[in-house]
Amino acid sequence: MTRPNRLFSDWRISVLVLIVLWAVIYMAGLSRAALLDDADTVHAEAAREMLQRHDWVTLYANGIRYLEKAPLMYWGVATSYTLFGVNEWSTRFPLMLGVLAMILSTYGLGRWALGSEGGFDSGLVLATALGPFLFTRFLIPDVAVGLWLTLTFWLFLISLEQAKPARWTCWGIGAMCALNVLTKGLIGLVFPIGAIGLYLLLTGNLRHLLKLRLVSSALVFFAIAAPWHILAALRNPAQGNVRGFLWFYFVNEHILRFLNRRVPRDYDKVPLLLFWALLVLWLIPWTVFLPQSLEEVPRRWREFRSQMTRRQRAYLLFFLWTFVIVAFFSLSTRQEYYTIPAIPGMALLVGGWLQRERASAADSRKRRGGMISSAVLLAVGVIIAVIGFSLLFVSKAPVPGTDLSDLLRKNPQDYALSFGHFLDLTPQAMGAFRVPLFGFSLAFLVGTLANWILRRRGRAGAGNAALVAMMVVLLACVRISFGIFSPILSSKDLAMAIREQYRPGDQIVLIGLYENASSLNFYTGLPLLSLHAPGGNMWYGTQFPGAPRVFETQASFVEMWRGPQRVFLWAEEDEPPALHGLTNYVVARRGGKIIFSNQPAASASR
């Protein structure tokens, strides 16, 4: 492996390889799957209305103020819409650029702290890990949070080596924290302050804070972060019974959400043990090397207070980076993807160990540790292959034209979780996934077996390459599966059916909250009415004077249905109680969702 090691010591080759890997994994099929109901199209619609209204301060979704989110992600998507038009590709493109920036930043930090090979391995781990790929299938800002944290901690580590930290270093930390606050609120400050504060406390170096040009760095921070917050507060003041932007954004969305008292409570909470387990799952297949990588983290008081090397300082900070994020959400509300900003830190821990493993002697403890981890991973691969091939054996391909939703078992109690709908899958439903299931199972078995054989022969670098190749195939199968499952998670096909028959003046109503069918709003460009008690994403915005009326009662809905205008109704039941006793026609059905109308059309059935 000497020649490849020398090859990847050239940063240009390493960057090129990482970019190609990113393009193959993340850019392939970027426009194929429909955007999803809930967060995906709620956020995309907010960006679209930002562009439509020429208002880059106050977010709107479905014509209602949407004040709970920081704006940076929406600015990026709205800019993409300006350049490329409004479509699936332009919606996802800024998020994919964020992934690339996070991979390259992780590589850069790893190269600086761990050497050229350690940096490349860290970038490789991040580019092929399962978690970041899964949670870029819909539009959320957590990858960008990971990017800003990576750059923040890199600048902090640089400052530790400067007798008097340079202005660009200190101001850079302030700027990265400000961008993080504009990405996902106050955690953009909590995470770096928590990790850096713990680091300085453990190393007995709190006086280093005084060297970071706190006054001028704070000015840089406020110059970037404050203008939007000030403008949002001025344009959305307290009015009547509405407490305005400041209360809702800072108190309700930060403090009360942390205390699990946020209103409305329209989210679920992942059980703590599962939350911890998922953190490990998101780093697959590199998870098996994480225990060995933690051995390099300084953990004795004497080590903390000694003159640590650059690598030791970095390893301690990488560990604290992960610890602070996990500890914070362990005490707060939590979703499966909340730990994604910690994945770059974990990738750096593992990447540094992979480099050490290759550099160690054939009979060294690190080589033996790599062999043990590879054996564990192979065992997992065998188990997954057995389960996958068993499902292939017992399942049958569905009859052409079968709606996947007819093969699922509904678990609505889990739908507040990000991937709750995937718990609906049954052995019968797996028949629709035969091709990706076969590819996934075979790739996992062959990849883990090749890795184990190569490591037994002392070729750890080639073993890593086998795992990378495995993940390219595996993630492609996940992408294909996601496309097959997307009609369950999206109402795009129903939106297209409405657009074919829509006439000015028609109304679209959904049974439930707006976010349950938000893709109707995005793909039709038309506002939705909700047959539901006020709640969800639109609850607070509807309290403002002059806000559009979007919530319907059963009585007002019946009056509308019996009126002269055409009404389209989105529902998830064949015989919704709201239509009891009312004449109705089925316009379209897909993915367990149905569009009814009060008037017949050419393609409607009574």
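Which residues is Gln599 in contact with, leaving aside its neighbours within four places in sequence? Arg503, Pro564, Gln565, Arg566 and Tyr585. Contact here means heavy atoms within 4.5 Å.

Some ground rules before I go on. This is a predicted model, where local features need pLDDT of at least 70 and side-chain atom pairs count only at pLDDT 80 or more, while totals for chains, interfaces and linings use all residues. Residues are numbered from 1 along each chain as its sequence is written, and side-chain values use heavy atoms, with hydrogens and water left out.

Now the overall picture. The protein has 23 helices and 8 strands. Those are DSSP runs, numbered from the N terminus: helices are H or I with at least four residues, strands are E with at least two. The C-alpha trace spans about 80 × 65 × 40 Å along its principal axes. For 606 residues, a compact globule would have a radius of gyration near 25 Å; this protein has 26 Å, so the two agree. That radius is taken over C-alpha atoms, and the globule rule is 2.2 Å times the number of residues to the power 0.38.

How much is buried? Of the 606 residues, 57%. Buried means under 20% relative accessible area, exposed means over 50%, and partly exposed lies in between, with a 1.4 Å probe and protein chains only. Next, contacts between residues at least 6 apart in sequence: 73% of them join residues at least 24 apart. The accessible surface comes to about 25,400 Å², and 64% of that belongs to carbon and sulfur atoms. Areas come from the Shrake-Rupley method with a 1.4 Å probe; for residues, only the protein chains shown count as cover.

On to the sheet. It is open, with 6 strands in the order β5-β4-β3-β6-β8-β7 and mixed pairing. At the edges sit β5 (551-552) and β7 (585-590), each pairing on one side only. Two strands pair if DSSP finds at least two bridges between them.

Let me stay with β6, residues 567-571. One partner is β3, residues 507-511, running parallel over 4 bridges.

Is β6 covered or open? Mostly covered: 5 of its 5 residues are buried. Val567, Leu569 and Ala571 are buried on one side, and Phe568 and Trp570 are buried on the other.

Asn598 is buried, at a relative accessible area of 11%. Beyond four places in sequence, Asn598 touches several residues, including Met560, Trp561, Gly563 and Val567. Asn598 and Val587 are 11 residues apart in sequence and 9.9 Å apart in space, C-alpha to C-alpha.

Back to Gln599, also in the segment after β8. Tyr81 is 518 residues away from Gln599 in sequence, and their C-alpha atoms are 35 Å apart.

Thr152 lies in α8, residues 142-160. Thr152 is buried, with a relative accessible area of 0%. Outside four places in sequence, Thr152 is in contact with Ile173, Met176, Cys177 and Pro192.

That's the tour.
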